[in-house]
Amino acid sequence: FNGKLRDEFLNSNIFSNMQDLREKLESWSTDYNTQRPHSAIGNLSSREFIKQQKRDLQKDKNLNLRLA
């Protein structure tokens, strides 16, 4: 993450003030966490990966309840 932040955000933007930095960082962060695929998590976005993990956890809970 730190390398991506530096390479894709800090090295490619110019900020006029702290508010400008905050706004651009918020936009970049939202895109990074909700839209972009990440190879380390099966080329899913972070948001999709979390949704998948929650579905899998719910399936496991339902299975455990049926087996109990």
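Modeller: Let's start with the source of the model, then go on to the fold and some single residues.

Modeller: This is a predicted model, where local features need pLDDT of at least 70, side-chain atom pairs count only at pLDDT 80 or more, and totals for chains, interfaces and linings use all residues. Residues are numbered from 1 along each chain as its sequence is written, and side-chain values use heavy atoms, with hydrogens and water left out.

Biologist: What pLDDT does the protein average?

Modeller: The average is 89, and 99% of the residues score at least 70. pLDDT is the predictor's confidence in each residue, from 0 to 100.

Biologist: What's the radius of gyration, next to that of a compact globule?

Modeller: The protein has 18 Å, whereas a compact globule of 68 residues would be near 11 Å. That radius is taken over C-alpha atoms, and the globule rule is 2.2 Å times the number of residues to the power 0.38. Along the principal axes, the C-alpha trace spans about 60 × 25 × 15 Å.

Biologist: What share of the residues is buried?

Modeller: Buried residues make up 13% of the 68. Buried means under 20% relative accessible area, exposed over 50%, and partly exposed in between, with a 1.4 Å probe and protein chains only.

Biologist: Let's take Phe9. Where does it lie?

Modeller: Phe9 lies in helix α1, residues 2-9. Phe9 counts as buried because its relative accessibility is 2%.

Biologist: Which residues is Phe9 in contact with, leaving aside neighbours within four places in sequence?

Modeller: Lys4, Phe15, Leu21, Lys24, Leu25 and Trp28. Contact means heavy atoms within 4.5 Å. As for Lys24, it sits 15 residues from Phe9 along the chain, with 8.6 Å between the C-alpha atoms.

Biologist: What about Arg6, buried or partly exposed?

Modeller: Arg6 counts as partly exposed because its relative accessibility is 45%. Arg6 is in helix α1 too, and its C-alpha is 13 Å from that of Lys24, 18 residues apart in sequence.

Biologist: Switching to the loop between α2 and α3: what is the relative accessible area of Pro37?

Modeller: Pro37 has 54%, so it is exposed. Leaving aside neighbours within four places in sequence, Pro37 is in contact with Asn43, Leu44 and Ser45. Pro37 and Ile14 are 25 Å apart, C-alpha to C-alpha, and 23 residues apart in sequence.

Biologist: And what is phi of Asn43?

Modeller: Near 60°, a positive value in a residue other than glycine. Asn43 is in the loop between α2 and α3, and it is exposed because its relative accessible area is 53%.

Biologist: Last topic, charges. How many positive and negative side chains?

Modeller: There are 12 positive and 9 negative, and the centres of the two sets lie 7 Å apart. Lys and Arg count as positive, Asp and Glu as negative, while His and the chain ends are not counted. The place of a charge is NZ of Lys, CZ of Arg, CG of Asp or CD of Glu.

Methods:
Helices (H or I, at least four residues) and strands (E, at least two) are DSSP runs, numbered from the N terminus.
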